[in-house]
Amino acid sequence: MEASAGSAGGKGPRGTLRVPIHSIGADMLCIVFSRLDPSVLVRCASVCKFWNDIIYSSTLMSDLYYKVRLHCESSSMLSAPIEMKRYFEDLALEQHRLSLLGSSTEVHQWRAHSSRISLCCLRRGLILTDAEDKVMRLWSAESCKCLKEYCNLNKDPLVDYDFDENKIVGLTGSQMCIWTLKTGKSLFQSREGIFTRGICMRYIDPEAVIGCDDGRARIFDMYSGKCTRIIRMHSGAVSCLALTEDQLVLGGSNFGSVTVADLSTGVQSASLKSLSHAGMKSLYSSIHSHLVFAGSTAGYVHCWDLRTSRLLWETRVSPNVVYGVHHLPSDASTLAVGGLDGVLRILSQNTGKILSNLIMSTSRAKLDGSTSSGSGSRVKRKAEAVSADTEIHNIPRCQRPPITCLGVGWQKIVTAHNEKYLSLWRFNQSLDHV
């Protein structure tokens, strides 16, 4: 029997019976969960409320917690008031961090579209891609299988997008659009002519923010379709955007600064300055800290503390533009960086120090099985670490295709290269004592 979280029943592959995951009783799930690694249990607990209640309300985690603590620490430490849930979350994040710095990394590649891929995004084990053919595809990050296709029927291609478990929110040059993730049905399209040219987009329900070439950020209510506010961010174009849980909107510019404004009032509260004055190309704000990261057109990565508006560090990682800075939402230690030189870098969030430089090996092995999108089979390549003093321009371009977009998941990073294929980096190292 094969359980499916999104299925209402019916036949699966090779005649197997597909049933909704909620039809499996709590007792049976407890048996399954009891056989899992602690870090895997933490990930399972974030799938849905039903699983979370089973994992943390039963004795599964408490029994494992005391077993691990007795094994790892002296009896005098057991009386310390350490929260069980936080303990296992920290343990899982440590495993994620070590995997990114480990030596066992594979790169799975497959032809995902018939034209060049312009966007990719990784959320909860799902990859969403968009290409010049104006077809979006949803992939499983585990199997690399195509799960669903979505057609962009607008006259213009998407320039930015994001998605969650319910919907896809996209931006063309002149319209904001929303599709349901399950059916692909179009829910909303903004009227044309409301903004001159959209460059970037981010959203936090129920509002979406669009950065435009006139230096303004336009806020839309995603359910009424109305433009509710216009915030003046820069004298030039808003080149990249980020939103925080504290209702702040951050807009990067081509002049080397990031403007911070209140999302609800539109009042500017700070301006984040860089030392290099290079144009900002990518932004990412951490939801579990007050840090904001940016990649620039001159190859710099910047980090500011939003509480003080102070620049904490600034590192030049490449002589070329940095197109993507990203990390696992709950991770407060590592930062993935990719850009035009094609090197995937792992940085320390605290210091900006480069912890790892990765490229692809020249050898490749073909993997069995189709990607279920009519695009052929996968190939597997090894990732190679290069030292900090390596002259990047001497490395063949086939080992470091330009990284134009990236997303970070649990022990995985997906990269797009302005080509027809997609790359999924799998980091396999785990903690020995778990």
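Predicted model: local features only at pLDDT ≥ 70, side-chain atom pairs only at ≥ 80, totals over all residues.
View 1. Helix α1 covers residues 26-33; helices (H or I, at least four residues) and strands (E, at least two) are DSSP runs, numbered from the N terminus. Cysteine 30 is partly exposed, at 23% relative accessible area. Here buried means under 20% relative accessible area, exposed means over 50%, and partly exposed is in between (1.4 Å probe, protein chains only). Cysteine 30 and isoleucine 54 are 24 residues apart in sequence, with 7.2 Å from C-alpha to C-alpha. Isoleucine 31, also in α1, is partly exposed at 46%. Met28, Ile31 and Val32 make a nonpolar surface patch of about 270 Å². Patches take residues with over 30% relative accessible area and no salt bridge, joining like charges within 9 Å and nonpolar side chains (Val, Leu, Ile, Met, Phe, Trp, Tyr) within 5 Å. The areas come from the Shrake-Rupley method with a 1.4 Å probe, and for residues only the protein chains shown count as cover.

**View 2. The largest nonpolar core.** This core has 33 residues, and Phe33, Ile55, Met61, Leu344, Ile413, Trp425 and Phe427 have the most contacts inside it. Helix α5 (84-100) is among the elements that each supply at least two residues, and α5 gives the most, with 6 residues. A nonpolar core is a set of buried Ala, Val, Leu, Ile, Met, Phe, Trp, Tyr and Cys residues joined through side-chain atoms within 4.5 Å.

View 3. A search of the whole structure turns up 2 aromatic pairs. One of them joins phenylalanine 293 and tryptophan 313, and it is tilted, with 6.2 Å centre to centre and 40 degrees between the planes. Phenylalanine 293 is in β21 (residues 291-296) and tryptophan 313 in β23 (residues 310-316), so the pair ties together parts 20 residues apart in sequence. Both residues are buried. Rings of Phe, Tyr and Trp (its six-membered ring) pair if their centres lie within 6.5 Å; planes under 30 degrees apart are stacked, over 60 edge-to-face, and the rest tilted.

**View 4. Salt bridges.** The count comes to 15 salt bridges, each a side-chain nitrogen of Lys or Arg within 4 Å of a carboxyl oxygen of Asp or Glu. Lysine 412 meets glutamate 142 at 3.7 Å, N to O. Lysine 412 is in strand β31 (residues 412-416) and glutamate 142 is in the loop between β6 (135-140) and β7 (146-151), so this pair ties together parts 270 residues apart in sequence. Lysine 412 is buried at 11%, whereas glutamate 142 is exposed at 55%. Asp164, Lys167 and Asp205 are linked in a network of salt bridges, and the closest N and O atoms of lysine 167 and aspartate 205 are 2.8 Å apart.

**View 5. Cysteine 200 without a partner.** The disulfide count is 0, taking a disulfide as a pair of cysteine sulfur atoms within 2.5 Å. For cysteine 200, the nearest cysteine sulfur belongs to cysteine 240 and is 6.4 Å away. Cysteine 200 is buried at 5% relative accessibility.

Key
Residues numbered from 1 in each chain as written. Heavy atoms only, no water.
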